[in-house]
Amino acid sequence: MPPVDASGNNAPEEKPRRKPSHGPRTPMPEADAVERAQNFDEVALGYTEEQARAEAERCLQCRNATCIEGCPVNIDIKSFIGHMIEGDYTDAVTVLKERNALPAVCGRVCPQEEQCEIACVLAKKGDPVAIGRLERWLGDFDLACEIEHRCVPEVAESSGFRCAIVGSGPAGLACAGELGRLGHSVTIFESLHAPGGVLTYGIPEFRLPMHVVEAEIDMLSQMGVEIVLDTVIGATMTLGELTAEEGFDAVFIGSGAGLPVFMNIPGENLNGVYSANEFLTRVNLMRAYEFPKADTPVWRGRKVAVVGGGNVAMDSARTALRLGAEEVFLAYRRSEDEMPARIEEVHHAREEGVEFKMLCAPVEITGHDGFVTGLVATRMELGEPDASGRRAPMCVMGSEFEIECDTVIMAVGTRANPILSKAAPELELNKWGYIAADDLGATNLPGVYAGGDIVTGAATVILAMGAGKTSAIAMDAYLRDSSV
Ligand code: FAD
Ligand code: SF4
């Protein structure tokens, strides 16, 4: 019998209050460290449905869900987890995709531990809800559905406007998805022979399988987004030609920051010295690990030094191990506390056998007959915090030492590639060569927007996606205003 209130009317039925699980964070299964260091298969294996539900059950469904503020694109985390608890996975994916077009990608590579998870109320007492793992599970759930059952955002009626996007990395893809959803015709121009930007050429298969990126990009094609490959804007065609000759009404530039930086130390021209970008592109995009089945070769070092302490350095070191190196060490000028790489990646690299040489700054690469034979480094100590807020490394005088190696991979940063801007001198750049754009991504040229690493310098996937989406909304307003 339904409950009856004081006046004798039926009272609304209240849902029984759910008791969240107080258990520890559900661990995610991983491939065995010794075995996985010999292949390119994915390391983190993802939750089963049972594990995902158990983890979702830990969420308190807080009235003030602080996790949402921690997410750079403000995904309604409480709501998607709420749907998961109820077993409504399709609704959960719909909530997720309102803000993030690539959940299976972001669930794998976003630094949630510094964003939504650190903002989760449970983080104060111990283990926050594993939001990233839940996002990944939902993203994979969606990808596993037949394409006609996948969650494809509704596309508005055609606006008649045509938008060009330069670059198919996370910024360009997010911008394309949003512009497509708003009813604009979208064409992406990508210089490489495959779309995805760093997701495809940089982040290795064992962290982000190519099929996941391809499947997420397929959804954009489903929405009508066209992708033109092998086209370098600034060489094949200029920025001006996109509007003047090709008739695009607005342009978004998401060309990333893919130009490698070197240290300018003696020996960097020796055979066996790679930029991390070249090394990872050969192996990931060109499949050099399958050479000679694949066309592109890669030098397989026996003893490999990787210089740097970010995700790019971790990816390079772990890739070198998988190519058969007997020893891989990482040289980083600060201490482990200052390393910008994700904790999970550092942990995985260490488990697989990468050696960490901290407070160690290379000063020269030595060689014989044109090939690398060693790395000369100096010991460092940490001083006061510098402009980045991290303690500044300082040389310990007279502490130089040499380590034997036959390969050096430089993972010390990247800059903006000037190809596009050289052919568009009217486009304003900042003093570091990145495109100058306001908070909405507007550049000094009418109808030309920019976002992602080409504006901020090397950052993260989710920040690039957020910038692409913000620009798409601004471009939509610009297009509609200009037609009035
Ligand atoms: P990109 O991803 O660089 O894409 C730019 C695209 O534009 C590329 O496809 C490029 O070929 C194309 N392009 C460039 N110039 C032109 C032109 N003139 N004409 C046509 N096309 C052009 N971030 C995380 O959040 N988590 C991680 O774990 C992580 N790991 C990383 C590992 C590696 C090895 C690297 C290199 C980066 C990593 N990052 C990570 C950073 C993250 O990938 C980038 O911040 C993000 O990809 C930037 O997106 P974007 O779209 O701005 O640029
Ligand atoms: Fe759930 Fe944590 Fe968000 Fe609260 S803050 S709703 S516990 S994920």
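This is a predicted model: local features need pLDDT of at least 70, side-chain atom pairs count only at pLDDT 80 or more; totals for chains, interfaces and linings use all residues.
Two or more lining residues are contributed by each of the helices α6 (103-109), α7 (116-119), α9 (131-144) and α16 (343-352). Among the elements, α16 provides the largest share, with five residues.

The chain is divided into domain 1 (45-149), domain 2 (162-258 + 416-482) and domain 3 (260-413). Domain 1 and domain 3 each supply at least three residues to the lining of the second largest pocket. The C-alpha centres of these two domains, domain 1 and domain 3, are 34 Å apart.

The surroundings of ligand 2 were examined in turn. Ligand 2 is surrounded by Cys-59, Leu-60, Cys-62, Thr-66, Cys-67, Cys-120, Val-121, Val-129 and Ile-131. Sorted by class, this shell holds eight nonpolar residues, one polar residue and no charged residues.

The structure holds zero disulfides. For Cys-116, which is in no disulfide, the nearest cysteine sulfur belongs to Cys-71 and is 6.1 Å away; a disulfide requires the two sulfur atoms to be within 2.5 Å. Cys-116 has a relative accessible area of 6% and is therefore buried. Cys-405 is likewise in no disulfide, and the nearest cysteine sulfur, in Cys-360, is 11 Å away. With a relative accessibility of 3%, Cys-405 also counts as buried.

A further element of interest is helix α14, which spans residues 276-285. Because eight of its 10 residues are buried, α14 is largely enclosed by the rest of the structure. The buried residues of α14 are Ala-276, Asn-277, Phe-279, Leu-280, Thr-281, Val-283, Asn-284 and Leu-285. After α14 comes Arg-287, which has a positive phi, near 55°.

Definitions and conventions. Residues are numbered from 1 along each chain as its sequence is written. Chains are lettered from A and ligands numbered from 1 in the order in which they are written. Side-chain values use heavy atoms; hydrogens and water are left out. Helices (H or I, at least four residues) and strands (E, at least two) are DSSP runs, numbered from the N terminus. Domain bounds come from an automatic or database domain assignment. A residue is near a molecule or strand if one of its heavy atoms lies within 4 Å of it. Ala, Val, Leu, Ile, Met, Phe, Trp, Tyr, Cys and Pro count as nonpolar, Asp, Glu, Lys and Arg as charged, and the others, Gly among them, as polar. Buried means under 20% relative accessible area, exposed over 50%, partly exposed in between (1.4 Å probe, protein chains only).
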